[in-house]
Amino acid sequence: MSSETQSLPNPGGPPKRHLRNYLLQPRFQLKYTGMVVACHRSSIASVLGYFAYDYSRGQTESLYHHDEIRARSRSRRCATTSVRWARDEDQ
């Protein structure tokens, strides 16, 4: 091995890290990273939005069922009360 091919240790310590050292093709890498992040963000937002919509729809349906049950019980109470009044008047 020749002395030219051997790498000498950095006399100043470890190399300083800079953002420009990490990006090989900054325009391409940042554009690609932005596209990937945007795609994942929109897909996650779509899934969570669907879950929120489905939950909201279920809550609305349960309110309608609750109102129907409440209305039925009121009509039964009114019918029962009128029958009781009719019995009381007959006696």
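D54 and R57 both belong to helix α2, where a spacing of three residues sets them about one turn of the helix apart. In this predicted model, the side chains of these two residues, D54 and R57, meet in a salt bridge with an N to O distance of 2.8 Å. Side chains of opposite charge can pair when their charged atoms come close. The count for the structure comes to one salt bridge.

## Aromatic pairs

A search of the whole structure finds two aromatic pairs. In one of them, the rings of F28 and Y32 have centres 6.0 Å apart and planes at 15°, so this pair is classed as stacked. F28 and Y32 are four residues apart in helix α2 and are therefore separated by about one helical turn. With a relative accessible area of 48%, F28 is partly exposed, and Y32, with a value of 49%, is partly exposed as well.

The rings of Y50 and F51 also form a pair, with their centres 6.1 Å apart and their planes at 55°, so the arrangement is described as tilted. Planes count as stacked when they are under 30 degrees apart and as edge-to-face when they are over 60, which is why an angle of 55° falls into the tilted class.

## A nonpolar surface patch

Y50 and F51 also take part in a nonpolar patch on the surface, which they form with I44, V47, L48 and Y53, and the accessible area of these residues together is about 670 Å². One of the members, V47, lies in helix α2, which covers residues 26–90.

## The protein as a whole

The secondary structure of the protein consists of two helices and zero strands. Of its 91 residues, 0% count as buried, a category that requires a relative accessible area under 20%. The accessible surface of the protein comes to about 9,200 Å², and 59% of this surface belongs to carbon and sulfur atoms.

Conventions
Residues numbered from 1 in each chain as written. Predicted model: local features only at pLDDT ≥ 70, side-chain atom pairs only at ≥ 80, totals over all residues. Heavy atoms only, no water. Patch = residues over 30% accessible without salt bridge, like charges linked within 9 Å, V, L, I, M, F, W, Y side chains within 5 Å. Areas by Shrake-Rupley, 256 points an atom, 1.4 Å probe, with all protein chains shown as cover. Salt bridge = Lys/Arg side-chain N within 4 Å of Asp/Glu carboxyl O. Phe/Tyr/Trp six-rings, centres within 6.5 Å; stacked < 30°, edge-to-face > 60°. Buried < 20%, exposed > 50% of the residue type's maximum accessible area, 1.4 Å probe, protein only.
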